[in-house]
Amino acid sequence: MAATINLRAFAYATDVTCPHCHKPVTLYDPDGSEYVVCSECYSYCRYVDKNHLQFQQTLQPIKYEHVLEIGNQGTLYGTQYKVLAYIEKKEGGTDYDWREYMLYSYTKGYAFLAEYNGHWSFIAGIQHFPELANAVLVDGVASLNNVDYLEYNRYSPVITTLKGEFDWDIYDERIWAREFVSPPYMLVREKDKKNEQVIDWYLGEYIEPKVIAEAFKVSMDKFPERTDIGANQPNKHKKRWQQSLRMSTAAFVLVVIIQVIFGFSRQTQVIMNKSAALTLPPQKQDSTGHDSTRRDTGLNAILTQSALPSANGNFEFQPLRTSTFTIYKGPAPVDIDLSAPLSNNWFEATVEMVNEKTNETWDVTQEFEYYSGYEDGEGWSEGSTSTSVTLDDIPPGRYHLNIYPYSGSAAVSEMNIAVTANVILWQDLLITILLLCVAPLIFWYLQRRYEVSRWMSSDYSPYNKTTSSDD
């Protein structure tokens with residue numbers, strides 16, 4: 001016999017008498033059932049004809065409280081189902097057990113609701129999913145509809161007890177099963193141990209308990225609590241990771257476009273690039289009352305109070321005042337580059353950028369050093385003879401620089417000053433990119449940790465490669 005399909009409604013139920021306890025046994029698909037279990041005495045019987053059951057053996061009582069009762073009706077994925085059987089199984093040679101509810105559709109035949117550790121999957125064969133005819137297994141990876149499924153488990157299922165009705169001798173079947181997952185889906189490949197040429201494929205999808213409860217009108221209180229991570233349970237962090245990656249990528253492209261538009265609309269402008277001689281301050285007035293001679297540096301040096309090398313040998317050069325320059329468009333980022341011909345020495349300068357109209361001031365202090373030499377016949381060097389600093393959001397206007405240079409030696413004779421407006425703030429772009437990467441990286445880590453936890457229950461974890469065959 002086989003499940004009765006292509007009807008317009010469920011068949012009428014029929015009661016037969018258990019040959020062992022003589023209690024009534026209800027058959028919900030009498031024309032399609034061949035074996036049945038008495039719910040009273042757990043007698044496994046063969047349905048010989050419409051009025052006769054043939055006793056086969058007595059089964060163990062049901063171990064777990066089942067969620068769905070035999071005869072319950074509900075609608076899943078737009079198809080009406082009736083619960084025909086409840087099965088308790090375990091992996092051969094282990095203590096891992098799970099529960100299955102066999103559903104009957106009068107248009108599609110059998111499907112199953114499998115539950116393990118509170119995780120549920122809707123599983124059905126080729127009558128529900130004709131595309132299963134194209135399922136293939138190559139090098140330990142199952143494929144269906146151009147989607148690869150990774151192997152998660154191999155086992156021989158053992159039925160510990162059951163009740164309901166079946167169109168085959170389920171208690172006598174011996175199969176070798178392999179499960180492949182691509183959450184929320186699962187492919188199950190079953191090979192008949194008695195006839196290894198018989199191979200059946202099943203497609204499963206993770207289903208939330210709430211969906212089952214609503215479909216069959218049962219209370220959520222009856223459902224077992226979920227523990228661990230299900231083999232094909234959707235990764236809740238993966239979707240967030242993909243969304244954050246798409247959003248960050250879009251934001252990155254937008255930032256780059258804005259940067260390019262800014263670069264074309266405000267081209268980089270070199271406002272000043274000049275060298276200035278460095279001199280020590282003039283000596284103080286001597287005893288004869290004569291003043292020291294004042295020199296013009298070429299950049300309108302400002303003379304302040306005279307200064308001498310400090311006790312530790314550092315030298316303070318005369319302050320410099322640059323010529324006036326104009327920033328035409330703003331607010332704009334401005335680069336100030338300083339350099340000096342250093343040799344085993346350091347150089348420091350405090351730079352004041354002064355708006356000549358408002359007298360608003362921006363000041364920074366920069367230090368750089370350069371040392372070199374030979375050691376064990378090899379030359380070495382460290383440091384740099386230049387430095388750069390960026391001032392953000394400088395308004396348009398007329399400006400000049402006041403520079404206060406210092407050094408560890410009076411031998412530094414000159415320095416170079418360059419001022420560039422409308423520079424591209426690469427560091428800001430880099431910081432923006434790094435910030436845009438934060439959320440995707442966090443969710444990537446969470447989804448990876450989730451996957452690692454999922455595969456800890458498998459002997460075929462992709463995070464711990466093992467060799468598999470296609471047997």
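1. Basis. The model is predicted: local features need pLDDT of at least 70, side-chain atom pairs count only at pLDDT 80 or more, and totals for chains, interfaces and linings use all residues. Residues are numbered from 1 along each chain as its sequence is written, and side-chain values use heavy atoms, with hydrogens and water left out.

2. Cis peptide bond. Check the link from proline 183 to proline 184: the bond is cis, with omega near 10°. Proline 184 sits in the loop between strand S15 (175-182) and strand S16 (185-192). Helices (H or I, at least four residues) and strands (E, at least two) are DSSP runs, numbered from the N terminus.

3. Histidine 22. Its phi is positive, about 65°, although histidine 22 is not a glycine. The residue lies in the loop between strand S1 (14-17) and strand S2 (24-27). Histidine 22 is exposed, with a relative accessible area of 58%. Buried means under 20% relative accessible area, exposed over 50%, and partly exposed in between (1.4 Å probe, protein chains only).

4. Lysine 217. This non-glycine residue also has a positive phi, about 55°. Lysine 217 belongs to the loop between helix H1 (209-216) and helix H2 (236-265). Its relative accessibility is 72%, which counts as exposed.

5. Second largest pocket. The volume is about 270 Å³. Of the 15 lining residues, Val181, Ser182, Pro183, Lys238 and Glu451 are the closest to the centre. A pocket is an open set of points on a 1 Å grid over the protein atoms alone, where a 1.4 Å probe fits, with protein on both sides within 12 Å along at least five of seven lines; lining residues have an atom within 4 Å of a point. Points are joined across faces, edges and corners, and the volume is the space filled by probe spheres set on them.

6. Who lines the pocket. Strand S13 (147-155), S15 and helix H3 (426-455) each supply at least two residues of this lining. H3 gives the most, with four. By class, the lining has eight nonpolar, three polar and four charged residues. Ala, Val, Leu, Ile, Met, Phe, Trp, Tyr, Cys and Pro count as nonpolar, Asp, Glu, Lys and Arg as charged, and the others, Gly among them, as polar.

7. Arginine 189. This residue is in strand S16. At 10% relative accessibility, arginine 189 counts as buried. Its C-alpha atom is separated by 9.2 Å from that of leucine 137, 52 residues apart along the chain.
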